[in-house]
Protein chains: 2
Amino acid sequence: MTLIVEKFGGTSVGSVERINAVADHLMRKHADGEKLVVVVSAMSGETNRLIGLASDITDSPSPREMDVLLSTGEQVTIALLSMALQKRGNDARSYTGGQVSIKTDNVHSRARILNIDSVKIQDDLDKGRIVVVAGFQGVDESGNITTLGRGGSDTTAVAVAAALRADECRIYTDVDGIYTTDPRVVSGARRLDSITAEEMLELASLGAKVLQTRSVEFAGKYKVPLRVLSSFEEGPGTLITYEEEGSSMEAPLISGIAFQRDEAKLTIRGIPDHPGVAHQVLGPISETHVNVDVIIQNASEKGLTDLTFTVPRGDYDQCMDVLKGLVTKLGAQDVKGDDKIAKVSVVGVGMRSHSGVANTMFKTLSDNDINIQMISTSEIKVSVIIQEDQLELAVNALHDAFELDVK
Amino acid sequence: MTLIVEKFGGTSVGSVERINAVADHLMRKHADGEKLVVVVSAMSGETNRLIGLASDITDSPSPREMDVLLSTGEQVTIALLSMALQKRGNDARSYTGGQVSIKTDNVHSRARILNIDSVKIQDDLDKGRIVVVAGFQGVDESGNITTLGRGGSDTTAVAVAAALRADECRIYTDVDGIYTTDPRVVSGARRLDSITAEEMLELASLGAKVLQTRSVEFAGKYKVPLRVLSSFEEGPGTLITYEEEGSSMEAPLISGIAFQRDEAKLTIRGIPDHPGVAHQVLGPISETHVNVDVIIQNASEKGLTDLTFTVPRGDYDQCMDVLKGLVTKLGAQDVKGDDKIAKVSVVGVGMRSHSGVANTMFKTLSDNDINIQMISTSEIKVSVIIQEDQLELAVNALHDAFELDVK
């Protein structure tokens, strides 16, 4: 019997009508002989309502209490969806993160899943029950409620699928699959039937906002077959596959173009150069739990060095404060920043066996008068930082240059 | 250092403004040197909103999932109140029922508290934290979320006070204390400075709706000093005391007059009389978790017996169905019912040492042409069932007859 984990986000369960539609869908799948675990988010709008209540109380709510507050959103959904399934004749059962022991670390609002106890779920499945699990939430070692951060329900779904060794984990979204790039930016963007987890990971972390990075990491680590599909229309979606040894020869050169708006870069200049400089700068930044992305260090001739890195724009002010505090301590010259930048990346496992991808990228950008501020490369991607207002031009030019509209 | 448990109901935390007011109040008490645990209900209106969502999904939601749904209401309040306290400088901490192991039986929507683990709370109190606990909810042995039923937050407060051996448990309500009877019915009704737990128990269970019966039972069992006060105005409220041996000689004859509208009575007539008849009739009723109140059995001369009992009016139809099902099984004659009755009771520990209370009551009612349908007595109360439309007349006449307006 096939065991499937399905995940529905806030829009898909955003009203009683949508919850009923999801219940109908699940009953059909169950009748087809699938064992089903469903992971759901808070009803769309609910999280914002709760955040509004908190912000009426205080400008700086404690992360612990925010997690207690926000986790109620998914709890409401699991109860309602279970009721809808029970009404349709399935003895469905709901579980909060704590109830199925979704154990996380204790970083409130950005917790990471460490472990899941699947015994209760397995027992319910054996009894023919559809199991409904609250996404986005867990508990730390001491029993405090934690949340996983943005898109955390995807991670919950994959983690549950891994713990149960599910046959497939299906993420229902408002798009019908993974595209070569954002169709809102490039009209010729094309849905991919499949994509490797590595490519997906790069695409997700680079801003193709369909899936949360961590959920793809999890899926890759435990080889969970992951499928992205639309919750509004029928279709095969995009299957995320796991590359086998040697198969990359036949892979397309690149699979897609990802981009990320809302980036910011910070530079601390003229630091006396010695081993450990990067750690001295980025250690205090990472203590604030900001995700640092591209990092570049330039050693100058006078024994001084500059360190530049990018962060999400929302973390810009906080990081700037940290850097300013470091200037005196490190004997640095000054701090500069720019919060109007964007990142564009070409991604593809085919790069491994084909040279020239980076060159094509740089030439295309140059032909379009787009200045490259920073470059970062990995085995399967090349990323550049550019001015934000040139982002659309860059993505369209690159989509053309790599002929991504043609299968 | 004094350890106090304070409980605030839905109206008292019904808006951000009210939550801020409660936080201000708690900070004052904390500054006075009190160690504080606060038990709160869902914000007023929230429970109805959640019930509305459920009823849009199904007419008969499963009790288990209703409890998952409704328990989110208190969880929202504990987070918001903790944030409000943190903003005022206290490192407050919130706990759901599950998080402080409020263990209950598994009767969803009417669970009873079995045990509370107070270690976490005590630890927080020792650190100077105000501890905020979700009322109304717990978890059963298997970790399922349960709720305690109407007024359950009072029970939570008393149970927490008992577990912590608190110096006092204060229940903040929309009234400023316990009255000799409902001031809306009798203009001369008077606030009592104190009342014994036994009297309070009779008054609460008989319909002086200030406190839930179970909370008073708990308080009596663990001798928790319980005080009822207004959350809207300053005042001493009413302290619930525990009678000492021999002190009842000085107690007033009766303390108050309780009444209960919305009652119904059912009679199953002509049952062949033999030992076990009451059990055969009331067993199936109690399996539906309906609270049966007054019970009367009349044996007739022909070896037949009638059994009459009262239940809350909302349970009338369900009980009628059960009784109809029993008529054939027990070889009874028929079933009758009346859902337009009310109960009036005079309550007082002084009754133990004074005769004549029942007589005064019966004479007063007779003088006012009020027909008594059923009578039930205990050591400290006499209750009568009368027509509902004579209730106000009866309560006023009895309040006068026992001179309750005079201290």
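This is a predicted model: local features need pLDDT of at least 70, side-chain atom pairs count only at pLDDT 80 or more; totals for chains, interfaces and linings use all residues.

Begin with chain A, which has 11 helices and 18 strands. Its radius of gyration is 23 Å, close to the 22 Å that the globule rule gives for 407 residues, so chain A is as compact as a globular protein of that length. Of the 407 residues in chain A, 49% are buried. The chain also folds back on itself a lot in terms of sequence: take the contacts between residues at least 6 apart, and 75% of them join residues at least 24 apart.

Now look for the sheets. In chain A, an open sheet of eight strands runs in the order S3-S6-S2-S1-S9-S11-S12-S10, and its pairing is mixed. At the edges stand strand S3 (93-95) and strand S10 (194-196) of chain A, each with a single partner strand, so one side of each has no neighbour in the sheet. From one strand to its neighbour, the turn is 20 degrees on average, ignoring direction. Zoom in on S1 (residues 3-8) and S2 (residues 35-40) of chain A: they run parallel and are joined by six bridges. Helix H3 (residues 63-87) of chain A lies across S2, S3 and S6 (131-134), running at about 170 degrees to S6(A).

Hop over to chain B for another sheet. Here six strands form an open sheet in the order S14-S15-S13-S16-S18-S17, with antiparallel pairing. Its edge strands are S14 (295-299) and S17 (374-378) of chain B, which each pair on one side only. In this sheet the twist averages 25 degrees from one strand to the next. Seven bridges tie S16 (residues 334-347) to S18 (residues 381-387) of chain B, and these two run antiparallel. Within that pairing, B:Val346 stands opposite B:Val382 in S18(B). Helix H8 (residues 277-287) of chain B lies across S13 (256-272), S14 and S15 (304-312), at about 30 degrees to S15(B).

Is A:Val357 buried or exposed? It has 21 other C-beta atoms within 10 Å, and 20 or more count as buried, so A:Val357 is buried. You'll find A:Val357 in helix H10 (residues 357-367) of chain A. Leaving aside neighbours within four places in sequence, A:Val357 is in contact with A:Leu253, A:Ile254, A:Val346, A:Met351 and A:Val382. A:Leu253 is 104 residues away along the chain, yet its C-alpha atom is 8.2 Å from that of A:Val357.

Last stop: the contact between the chains. It takes 28 residues from chain B and 28 residues from chain A. On the chain B side, helices H1 (16-31), H2 (46-57) and H3 (63-87) each give two or more residues, and H3(B) gives the most, with 14 residues. That side divides into 15 nonpolar, 10 polar and three charged residues.

How do the two copies relate? A rotation of 180 degrees with 0.1 Å of shift along its axis superposes chain B on chain A, with an RMSD of 0.2 Å. The copies are thus related as by a two-fold rotation axis. In chain B, the C-alpha nearest that axis belongs to B:Thr72, 2.6 Å from it. The same surface serves both copies, as 100% of the contact residues of chain B recur in chain A.

Key: Residues are numbered from 1 along each chain as its sequence is written. Chains are lettered from A and ligands numbered from 1 in the order in which they are written. Two residues are in contact if their C-beta atoms, placed from the backbone, lie within 7 Å. Helices (H or I, at least four residues) and strands (E, at least two) are DSSP runs, numbered from the N terminus. Ala, Val, Leu, Ile, Met, Phe, Trp, Tyr, Cys and Pro count as nonpolar, Asp, Glu, Lys and Arg as charged, and the others, Gly among them, as polar. Copies are superposed by least squares on the C-alpha atoms of residues with pLDDT of at least 70 in both. The radius of gyration is taken over C-alpha atoms; the globule rule is 2.2 Å times the number of residues to the power 0.38. A residue is buried if 20 or more other C-beta atoms lie within 10 Å of its own, exposed if 12 or fewer, and partly exposed in between; C-beta atoms are placed from the backbone. Two strands pair if DSSP finds at least two bridges between them. Axes are lines fitted to C-alpha atoms, for helices over the stretch in contact, and angles run from 0 to 180 degrees between N-to-C directions.
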